[in-house]
Amino acid sequence: MKIPWVEMARLLLEHLQLVGMAMLIACAIALPLGVVAVRSERIRPWALGFANVVQTIPSLAVLGFLIPLAYIGGVGRRSAVVALVLYALLPILRNTVTGILSVDPAVRASAVALGMTERQVLWQVELPLAAPTILSGIHIAAVASIGTATLAAAVGAGGLGVLIFRGISMVNSTLILAGAIPAALLSLVTDRLLRWIEGYFRRYSAR
Amino acid sequence: MIDFQQVQFRVGQKEILRGLDLRVDKGETLVLLGRSGSGKTTALRMVNAMLLPTAGAVLVEGQPTHEADPVELRRRIGYVMQDVGLFPHWTVARNVGAVPRLLGWPEDRIWRSVETLLDEVGLPADEYAERYPSTLSGGQRQRVGVARALAAETKLLLLDEPFGALDPITRLEMQDLFLRLRSRHGITSVFVTHDLQEAFRVGTRIALLRDGLLDTLGSPEDFRLSDTDEARAFLRTLAADDTPAHPAPTTTPPVGEDL
């Protein structure tokens, strides 16, 4: 059977868009929430608990739940992005909290004693020192999302899952592979890229 | 310059300071001496508003700390602590220039101050400015810590057991460095320690704290003559230091053990 190169390229791009959008939104939620959770002992267990619970629901079920919902759900891309965001929250949130909490208390104390404002302590000291840990959370979330996003096709959101689902229904392994191989390669490339960025930050902050 | 007025500090039911009255005059080094839990670090942290009194007031240059802007206050007051707390992701130069940069000094003025101070603490800028804290020894790190505390033309310095983690020889060198910098910059300081020998070396006056109260206050000479139980307990630590030179008769129980 002929390999559908053009469609593969288009779906790969769609796949990237789904994951990219989900990661941006997840970071926009989880990073500030992580900072708040570090500051407030009351919010921390709730935030982490919520993210943990979400993580335990099978992803196909989440997509199913989202279809009948207005605003955040429905058939199409929105449900898929929302589901991916929900899954990406936990690793990013958890690593943000861990990363900031593991900054040496003496370093934090000296930042305050020197006369940094709460905001300066965060931006100049805590976040740079927590960056490798936070990035590794984003890394885990991104690589996992690329796999999970193949299910997005189940709610009509496109992506490489389209080829896989079509391959399954037509009992055509070539089609399944045409979706699975690019998804796997995308994971590998993303993994490498983020590993490299993390290495850069680790060298810079862990001297 | 600093005035403790009936300062109390409690956390829950625990009273850490119970009405402390103390003055620090310009140019002096007041040593806060005491055992762990005596309240000496708490008292120190009241000066730069890291802690605020639950009753009474601490006045710095006439202004009560609870009315001051804590950030502005801290930028005027140098702080050196045992764990140093250098920023590991910043070079030595950037660490030393931290407060001047927070104050918005122009870059060339920051650099002049950094260069001068690094020279003064014995870490020439050409060699050390671009290094990272992890490449320095414990003593060198504390030298950077001292330089950082003074970089913004600081006249008031708080030191919290600054040399406690260093080996005895390095500690002695750092005490000498502190004395040199003190006279060169005309620094007023509050120096927390539990080491009486150090207190005698650096202190112009010694305030002995016990359970959140002032036990003894006076010059090192006064201190040697004071007869409170706590002061005598501390003086016995010096006697214990002498034992190798003058071996005690074997019948004498070891001194200091019953503290």
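This is a predicted model: local features need pLDDT of at least 70, side-chain atom pairs count only at pLDDT 80 or more; totals for chains, interfaces and linings use all residues.
**Chains A and B: a short tour**

Let me start with one residue, Q6(B), which has 13 C-beta neighbours inside 10 Å and counts as partly exposed. A residue is called buried here if 20 or more other C-beta atoms lie within 10 Å of its own, exposed if 12 or fewer do, and partly exposed in between, with C-beta atoms placed from the backbone. Residues are numbered from 1 along each chain as its sequence is written, while chains are lettered from A and ligands numbered from 1 in the order in which they are written.

To finish with Q6(B), this residue lies in strand β1 of chain B, residues 2–11, and has a positive phi of about 45° although it is not a glycine. As background, most residues other than glycine have a negative phi. Helices (H or I, at least four residues) and strands (E, at least two) are DSSP runs, numbered from the N terminus.

A second case is V171(A), also a residue other than glycine, whose phi is positive and near 50°. V171(A) sits in the loop between α7 (161–169) and α8 (173–205) of chain A, and, with 8 other C-beta atoms within 10 Å, V171(A) is exposed.

That brings us to chain A as a whole. Chain A contains eight helices and zero strands, and its C-alpha atoms fill a box of roughly 70 × 35 × 20 Å, taken along the principal axes. Of its 207 residues, 41% count as buried. Two residues are in contact if their C-beta atoms, placed from the backbone, lie within 7 Å; among the contacts in chain A with a separation of 6 or more, 72% join residues 24 or more positions apart.

How do α1(A) and α4(A) pack? Helix α1, residues 5–39, and helix α4, residues 77–101, pack at an angle of about 35°, with their axes 6 Å apart. The axes are lines fitted to C-alpha atoms, for helices over the stretch in contact, and the angles run from 0 to 180 degrees between N-to-C directions. The crossing of α1(A) and α4(A) is right-handed, a term used when the near helix is turned clockwise from the far one by less than a right angle, with anticlockwise giving left-handed. Their contact has 26 nonpolar, two polar and one charged residues, where Ala, Val, Leu, Ile, Met, Phe, Trp, Tyr, Cys and Pro count as nonpolar, Asp, Glu, Lys and Arg as charged, and the others, Gly among them, as polar.

A nonpolar core is a set of buried Ala, Val, Leu, Ile, Met, Phe, Trp, Tyr and Cys residues joined through C-beta atoms within 7 Å. The largest such core has 124 residues, and those touching the most other members are A26(A), A80(A), L84(A), A88(A), L89(A) and L32(B). Helix α4(A) gives the most to this core, with 14 residues. Leaving aside residues up to four places away in sequence, A80(A) touches L18(A), L63(A), A149(A), A152(A), V155(A) and A157(A).

Where the chains meet, the contact takes 18 residues from chain B and 16 residues from chain A. On the side of chain B, the elements giving two or more residues are α2 (70–76), β6 (77–81) and α4 (98–102), and the residues of that side divide into 11 nonpolar, four polar and three charged.

Within chain B, helix α1, residues 40–47, is mostly covered, with eight of its eight residues buried. This helix is followed by A49(B), whose phi is positive, near 60°.

Further along chain B, helix α7 (138–150) and helix α8 (168–185) pack at an angle of about 15°, with their axes 11 Å apart. They are therefore roughly parallel to each other, since angles under 35 degrees count as roughly parallel, over 145 as roughly antiparallel, 65 to 115 as roughly perpendicular and the rest as oblique. Helix α7(B) passes α8(B) in a right-handed crossing, and their contact has five nonpolar, four polar and no charged residues.

P133(B) is buried, with 21 other C-beta atoms within 10 Å, and, not counting residues up to four places away in sequence, it touches L86(B), P88(B), N95(B), R141(B) and V144(B).
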